[in-house]
Amino acid sequence: SNAYLPSARSTRNLRVRGNRSGTSASPDGGAEALAACRGNRRRAKRRPRASRVGAVGRKSRSKGAHAGATPAIRVLDRAGLPYETVAYTHDERSELGFGLEAAAALGEDPAAVLKTLLVGDGRAVGVCVIPSDRRLDLKSAAHALGMKRVALIEPSDAERMTGYVVGGISPLGQKKRLPTVIDASVEERDRVLVSAGRRGLSLVLAAADLARATGAVFASLTA
């Protein structure tokens with residue numbers, strides 16, 4: 001802003017006050033004052049540029065804060081849905097299974113920590129999201145997805161289809177949006193956890209928001 005810089009009028013007033021007080025002025029005094037004023041104006045023009053640099057810096061920091069965001073997180077950001085991220089250290093030696101390991105590490109109810117499974121009938125593929133302490137009923141999954149019979153997709157194929165690694169497969173942000181069904185047992189929960197797309201990183205959100213972000217329906221999927 002130029003608020004801190006004297007205007008041309010105030011510069012003349014300062015010079016007149018100096019003359020009235022008996023201060024001698026050289027014949028070039030007016031030119032010197034004008035040059036000083038122009039110098040101040042040139043310096044003032046630099047200030048907005050500095051401000052713009054600051055704004056870019058803030059934007060860059062914002063991008064940096066999301067530099068590690070997974071596709072799953074970006075889906076929720078774009079949708080404007082509320083969520084939290086929670087992290088834990090994945091233990092390669094754990095025999096609990098990824099979902100139960102996450103529940104134990106984070107101190108969460110295993111019924112609220114969901115695992116993501118892919119099933120298919122040889123032609124089509126669907127996503128089933130169920131509590132980590134439950135087993136998927138394939139007949140129920142087939143019925144919910146409108147298929148005659150389904151089988152679990154092999155881990156290597158699931159990784160290729162989703163773009164995530166096993167243990168970090170999220171129902172959100174997969175390479176291709178697949179038909180998704182969430183177990184009806186969690187439909188009323190305000191707090192469920194799903195993988196954020198990376199081992200050791202989970203998303204906390206409402207089951208309704210998870211369904212909204214994935215285009216999922218609720219149905220009974222467990223025996």
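The close-up views below show a predicted model, in which local features need pLDDT of at least 70 and side-chain atom pairs count only at pLDDT 80 or more, while totals for chains, interfaces and linings use all residues. Residues are numbered from 1 along each chain as its sequence is written, and side-chain values use heavy atoms, with hydrogens and water left out.

View 1. Helices (H or I, at least four residues) and strands (E, at least two) are DSSP runs, numbered from the N terminus. Two strands are said to pair if DSSP finds at least two bridges between them. Strands of a sheet pair through backbone hydrogen bonds, either parallel or antiparallel. β2 and β4 are joined in the antiparallel sense by two bridges, and G120 has A151 in β4 as its bridge partner. β3 and strand β5 (residues 180–183) run parallel and are joined by three bridges; here V129 stands opposite I182 in β5.

View 2. β2 and β3 run antiparallel, with seven bridges between them. Buried means under 20% relative accessible area, exposed over 50%, and partly exposed in between (1.4 Å probe, protein chains only).

**View 3. G122 in the turn.** Four residues lie between β2 and β3 in the hairpin, and G122 in the turn has a positive phi of about 100°. G122 belongs to the loop between β2 and β3 (125–131). Its relative accessibility is 79%, and G122 therefore counts as exposed. G122 and I153 are 31 residues apart in sequence, with 9.5 Å between their C-alpha atoms.

View 4. Contact means heavy atoms within 4.5 Å. Axes are lines fitted to C-alpha atoms, for helices over the stretch in contact, and angles run from 0 to 180 degrees between N-to-C directions.

**View 5. The three-stranded sheet.** Three strands in the order β1-β7-β6 form an open sheet with antiparallel pairing. The edge strands, β1 (84–87) and β6 (192–198), each pair on one side only. Neighbouring strands of this sheet are turned by 35° against each other on average, direction ignored. Four bridges connect β1 with strand β7 (residues 201–205) in the antiparallel sense, and A87 has L201 in β7 as its bridge partner. Helix α3 (residues 71–79) packs on the sheet and touches β1, β6 and β7, its direction making about 25° with that of β7.

**View 6. The largest pocket.** The largest pocket holds about 710 Å³ of space. On a 1 Å grid over the protein atoms alone, a pocket is an open set of points where a 1.4 Å probe fits, with protein on both sides within 12 Å along at least five of seven lines; lining residues have an atom within 4 Å of a point. Grid points are joined across faces, edges and corners, and a volume is the space filled by probe spheres set on the points. Of the 34 lining residues, F98, K115, T116, L117 and V166 lie nearest the centre. β2 gives the largest share of the lining, five residues. The lining consists of 21 nonpolar, nine polar and four charged residues. Ala, Val, Leu, Ile, Met, Phe, Trp, Tyr, Cys and Pro count as nonpolar, Asp, Glu, Lys and Arg as charged, and the others, Gly among them, as polar.

**View 7. The second largest pocket.** The second largest pocket has a volume of about 190 Å³. It is lined by 13 residues, of which V75, G173, Q174, R177 and A213 are the closest to its centre. α3 and α7 (207–214) each supply at least two residues of this lining.
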